[in-house]
Amino acid sequence: MKRGSHPGCRPALGCCQGPRRDQLQLLHSPRGSVVRWRGQSCDSQQDALLAGIGVLTQDTLWCFSQVKGTIEIGATEADIISTVEFNHTGELLATGDKGGRVVIFQREQESKNQVHRRGEYNVYSTFQSHEPEFDYLKSLEIEEKINKIRWLPQQNAAYFLLSTNDKTVKLWKVSERDKRPEGYNLKDEEGRLRDPATITTLRVPVLRPMDLMVEATPRRVFANAHTYHINSISVNSDYETYMSADDLRINLWNFEITNQSFNIVDIKPANMEELTEVITAAEFHPHHCNSFVYSSSKGTIRLCDMRASALCDRHSKFFEEPEDPSNRSFFSEIISSISDVKFSHSGRYIMTRDYLTVKVWDLNMENRPIETYQVHDYLRSKLCSLYENDCIFDKFECVWNGSDSVIMTGSYNNFFRMFDRNTKRDVTLEASRENSKPRAILKPRKVCVGGKRRKDEISVDSLDFSKKILHTAWHPSENIIAVAATNNLYIFQDKVN
């Protein structure tokens, strides 16, 4: 539903995609392992590499693997990818789109003839997860768009995942079936009931082989618990519970109970006119089932411990970086809003993404982040125009690699950025069909800020803000990444010599 298309809409509270300029007083009052080429230009470096002259031992070379989706000319709004997630083994990759569909890709086995060519991801299952609904009590349309997908660890032959739209979370079971029962006593081969008078013998049903069929069935539906739009779901490390977060509340669910949840965070004020911030993202600690974090539109992060009290209205730790008064502007509060928060796999660090930067926080140091990476600082001079076209409210996500040594996040013009925490090098890469030749090495891109532009650089004035990388995913143990660019899913991997 378009922003502001129904009466009484309060955009900052999730009825719409983001706050409009006329509501900014509510939230944003202006008051109050990667690649940086060494020594050579990008062209000469790649030519040397392809010719076998230069060998880079410390850098990761990313090459194109696959692209899924139709060309943008034939794309519709419903085809736009809204979430991407690998499962815990990396064998499956799930995407959700604005049309409420979930598409699962499965990695094929490596070819024996091509030892160095890793298996590609092909469509494993496609199903409609959510349908558009209408809340008659509030005269509110509920979009079918999939906001988040989270996998559960595999316990048996079947796979389980959670998917959510703005209001309802569903638990899906994805299973395979390659046999069918035959020889029923009370049914014929077409499945119709027989006349009992015609049954003269007793048969034992048998299982016959059939073509492999993948079935997706909803096992649980968790509904009617959120007044505002769900922005996050996170599976607990006990694998018995999960949480769902909207703009003002976080609820804790048991996987076996669908009609009851426990409210563990509630920041809704008694008078909504006094509202100053909203919850933007939340996640459980990867190892400690009692701990979780949530971020806010004010750029703060709160670590909560569920052992302290049933309602975590008091945080255990509060992470906030003091603002430099010299950098304060009308847009300060808008760009400081955190759009994503992620625990590292080790559980020691927290990564947050705001509009211009990615920050890494140590759980033992609350007053400032230990690392700050500029994603697209060249846009700082463009904030006024980005505010006019609403791009300043875009919610970029961020991900860790499997070893927590590299972080990745998206930008505009189908660019995405990687930062190596050890070497402090970074790289800008592009998801484009123009470079979609198999195993083609991705050339680093550079944005020119000044007046003089070098070869292969792109001017900041030439960036296409309609093309944006909001959703990315990194394989849990390998250098394989998935990048959602509008309606296309790009898969890249490191070069295998």
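In strand β32, Phe 492 is the bridge partner of Ile 481, helices (H or I, at least four residues) and strands (E, at least two) being DSSP runs numbered from the N terminus. Strand β31 (residues 480-485) and strand β32 (residues 488-494) pair over 6 bridges in the antiparallel sense, where pairing requires that DSSP finds at least two bridges between two strands. The model is a predicted one, in which local features need pLDDT of at least 70 and side-chain atom pairs count only at pLDDT 80 or more, while totals for chains, interfaces and linings use all residues. Residues are numbered from 1 along each chain as its sequence is written, and side-chain values use heavy atoms, with hydrogens and water left out.

Strands β31 and β32 belong to an open sheet of 4 strands in the order β1-β32-β31-β30, with antiparallel pairing. The edge strands of this sheet are β1 (62-68) and β30 (471-474), each of which pairs on one side only. On average, neighbouring strands are turned by 20° against each other, direction ignored, with axes taken as lines fitted to C-alpha atoms (for helices over the stretch in contact) and angles running from 0 to 180 degrees between N-to-C directions.

Another open sheet, also of 4 strands, has the order β20-β21-β22-β23 and antiparallel pairing. At its edges stand β20 (340-343) and β23 (371-374), each with a single partner strand, so one side of each is left without a neighbour in the sheet. The twist from one strand to the next averages 15°. Within this sheet, strand β22 (residues 357-362) and β23 pair in the antiparallel sense over 4 bridges, and the bridge partner of Thr 357 in β23 is Gln 374.

The largest nonpolar core contains 22 residues, of which Tyr 355, Leu 379, Leu 386, Ile 392 and Leu 463 touch the most other members; such a core is a set of buried Ala, Val, Leu, Ile, Met, Phe, Trp, Tyr and Cys residues joined through side-chain atoms within 4.5 Å. Here buried means under 20% relative accessible area, exposed over 50%, and partly exposed in between (1.4 Å probe, protein chains only). Helices α3 (332-336) and α4 (383-388) each supply at least two residues of this core, and the largest share, 3 residues, comes from α4. When residues up to four places away in sequence are not counted, Leu 379 touches Leu 356, Leu 386, Tyr 412, Val 460, Leu 463 and Phe 465, contact meaning heavy atoms within 4.5 Å. A second, separate core of 18 residues includes Val 406, Phe 416, Met 418 and Phe 492.

A search of the whole structure finds 23 aromatic pairs, defined by rings of Phe, Tyr and Trp (its six-membered ring) whose centres lie within 6.5 Å, with planes under 30 degrees apart counted as stacked, over 60 as edge-to-face and the rest as tilted. Among them, Phe 330 and Tyr 387 form an edge-to-face pair, 5.6 Å centre to centre and with 80° between the planes. Phe 330 lies in the loop between β19 (317-319) and α3, and Tyr 387 in helix α4, so the pair ties together parts that are 57 residues apart in sequence. Phe 330 is partly exposed, with a relative accessible area of 34%, whereas Tyr 387 is buried, with a relative accessible area of 8%. One aromatic cluster is formed by Phe 64, Phe 416, Tyr 490 and Phe 492.
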